[in-house]
Amino acid sequence: MSGRYAAYRSYARAGIEWADSLPVTWGSIRLRWGASIYAGGTPSKTNPGFWENGTVPWLNSGSVNQRLIREASAFITKAALENSSARWIKRGSLVVALAGQGKTKGMAAQLDIDATCNQSMAAIVPSAKLQPRFLFWWLSSNYQNLRNMAGGDMRDGLNLQLLGDVQCPLPAQQEQAQIANFLDYETAKIDALIERQQQLVALLTEKRQAVISHAVTKGLNPDALMRDSGVDWIGTIPSHWSVLATSRVSDVTTGGRDTQDAKPDGEYPFFVRSQTVERIDTYSFDGEGVLTSGDGAGVGKIYHHHIGRLEFHQRVYLFHNFRRITGRYFFYFLREHLAIVALAGNAKSTVDSLRRPMLRAFPVCLPPLEEQDAITEFLDERVARIDSLISRQDDVRDLLQERRTALISAAVTGKIDVRNWKPPTSDTSASEPQSEAEVA
């Protein structure tokens, strides 16, 4: 980072918790002395007059995911505003999620609209001492530190007192604005590259799915005589193939263990309801099997083909004792089709559970064994190539994200001097992501 940007002439110990040193010309301030901080409120949900035909923008905790908030979560009425603890927050101010699902707690966002918010969000209205956009970047760079103030990833919530205790660097006003402009420009470039990487990964993932689905339903011979499979979502299959229910080619078994049975130093793998593999001392299965999650967020997802000893969770299904079908071919077929068909049929959402009758009745395309082996060999090679490309794009995305994080931290703590920075008139430094043509 220092190779591209100059440093300040001299630094001193910061005297604040989240920075080891700052430029000697900078000061610091606790947030409570540099901003007005208050929480919002939620009007009674049982009073239709507070919500119907509302005109006052109201935000829930999830709004912080917008980062620059332009859309309200809902609209409340003026009566709701007057009869609840909801308060106006002016455009340009910041909000921080005090609580929320998943990664929401500790996230900061800036308002591009006048709005109100719920009680699980803190409004931060900076005084003249703090530029709102500079403060946004400071809080964003310390997202994990904010979470750690209230138990890290635990369910504990932040509060207004904790936020008020946060110490912030205090460059001169013009310097704060310059740092904010620099970060707005540079992070936008990085974000655009990250988005391209994600789009490419999505295209590669679709390519992988299409390659697998075509191979296990149409075969490898483009000149094969085709016939109707009798299953709408399968369509036509080679005329010498058959379609059988899973119960005809495999046994389906549920596990007998709970998550608490896992041991970090156990001898054999223990498959739980997600793709996580833990360890356990004893085992109930020894052989070849394909495992899928029976409920929760992973419902219907085929996530492992395993050969050897294992134990598995009571909400995990194991397909084993294969007949007229190889385990590897069975794995490819189910991985690309079970989740989609299951969620469109018996399991209506990701929180519903699959049931054994549905799994036993699930139709599977059945080529001759030698053709299954050829399909598996083809897919192992082709999928490995695509997965390698996906991994490379993921690595590039991770490096870009690391650069983004480091750049923000360096700018808001004065590790780099951007006082003379100006947006370039043209910029060819951003490299284009790799082409999908490499898959071919």
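## A strand pair at the sheet edge

In this predicted model, L68 stands opposite Q110, a residue of strand β9. The strands concerned are β6 and β9 (residues 108-111), which run parallel to each other and pair over 2 bridges.

Helix α3 (residues 132-141) packs on the sheet, where it touches β8 (94-97), β9 and β11 (121-126), and its direction makes about 160 degrees with that of β9.

## The sheet as a whole

The pair belongs to an open sheet of 5 strands with mixed pairing, in which the strand order is β4-β11-β8-β9-β6. Because β4 (35-39) and β6 (68-69) stand at the edges and have a single partner strand each, one side of each is left without a neighbour in the sheet.

## Helix α6 and the residue after it

Helix α6 comprises 46 residues (173-218), and the distance from its first C-alpha to its last is 66 Å, close to the 68 Å expected at 1.5 Å a residue. Just after α6, the backbone at G219 adopts a positive phi of about 85 degrees.

## The protein chain overall

Across the protein chain, the secondary structure comes to 10 helices and 22 strands.

When contacts between residues at least 6 apart in sequence are considered, 72% of them join residues at least 24 apart.

Note on methods: Residues numbered from 1 in each chain as written. Predicted model: local features only at pLDDT ≥ 70, side-chain atom pairs only at ≥ 80, totals over all residues. Heavy atoms only, no water. Pairing = 2+ DSSP bridges. Helix = DSSP H or I, 4+ residues; strand = E, 2+ residues; numbered from the N terminus. Contact = heavy atoms within 4.5 Å. Axes fitted to C-alpha atoms, helices over the stretch in contact; angles between N-to-C directions. Expected span 1.5 Å × (residues − 1).
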